[in-house]
Amino acid sequence: MTARGLRLPTGKLLKRPAALGRVNRACSTFQTFAEVLRLPTRRMTKLAFPLQELQRQLTPDSRLDLHVKTFDPSLEDISKAESIFTATGRNRIEYLSSAVRLDHAPDLPHPEVCFIGRSNVGKSSLIKALFSLAPEVEVRVSKKPGHTKKMNFFKVGKYFTLVDMPGYGYRAPEDFVDMVETYLKERRNLMRTFLLVDSVVGIQKTDSIAIGMCEEFALPYVMVLTKIDKSSRGHLLKQVLQIQKFVDTETQGCFPQLFPISSVTYSGIHLLRCFIANITGNLKTDGL
């Protein structure tokens, strides 16, 4: 990140909005960006910009490989994006419906983003973390792989729709291919597909099939690396460099920057919220 991206927060940012004070505190992690801003700079950087923190371990020549400045929002941008994900009386965030076929999906004019990944990659946990500022939204998370069997649609105020797709691989729905292919090919308001990869094990054969599908349909997509809290720094750095090289050399439609995420520590969650707000046209930043 540039110096601009890490400039000190203004006094306004240090004041916690009233709506954020009502967030469920059952989880002790840093759900709001106001909490992150109160941390020492090194710890704040680790939570807000995980790639930058990993970059510290690289030699100067290899640091460019992480593309940490491709999306470079300011702290103010990230704070503004958080308001979009905060449920208020005027900003309703809610589950809409589920569908097994595209013609059963809700027809909404808003921009749409979808999340796909293999079973047990942590997709539902990630979406639950994104919606942590809307605690009344129920995102079902199961310890058993293959829990999501339908396309689940969530409305984020007047801003955009988020779709939780069934997991592929183990215990995937029998009609998974038809369901997902039809959605990806024909959903007109789909702005970006977020493809989740387990950072512990890297890109698997089933992930390659999903990547090939996105490439074949010429879809703009983003690779999100989940469970970064499960690995040592050395192992995580090795996986990130390998996956970044794959993105650079083997893909055409993938956004060049990776997004490492932990749904447990909330590392990277705030940056991902800002990215989603940006690509759906709801936040104008200098980051892209």
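Here is a short tour of the aromatic rings in this structure.

The model is predicted, so local features need pLDDT of at least 70 and side-chain atom pairs count only at pLDDT 80 or more, while totals for chains, interfaces and linings use all residues. Residues are numbered from 1 along each chain as its sequence is written, and side-chain values use heavy atoms, with hydrogens and water left out.

Rings of Phe, Tyr and Trp (its six-membered ring) pair if their centres lie within 6.5 Å; planes under 30 degrees apart count as stacked, over 60 as edge-to-face and the rest as tilted. That rule gives 10 aromatic pairs. Two of them are set out here:

| Pair | Centre distance | Plane angle | Type |
|---|---|---|---|
| F71 and F259 | 6.4 Å | 45 degrees | tilted |
| F115 and F194 | 4.8 Å | 10 degrees | stacked |

Where do F71 and F259 sit? F71 is in the loop between α4 (50–55) and α5 (75–84), and F259 is in strand β7 (residues 259–260), so their pairing ties together parts 188 residues apart in sequence. (Helices, H or I, of at least four residues and strands, E, of at least two are DSSP runs, numbered from the N terminus.)

Buried means under 20% relative accessible area, exposed over 50%, partly exposed in between (1.4 Å probe, protein chains only). F71 is buried at 0% relative accessibility, and F259 is buried too, at 1%.
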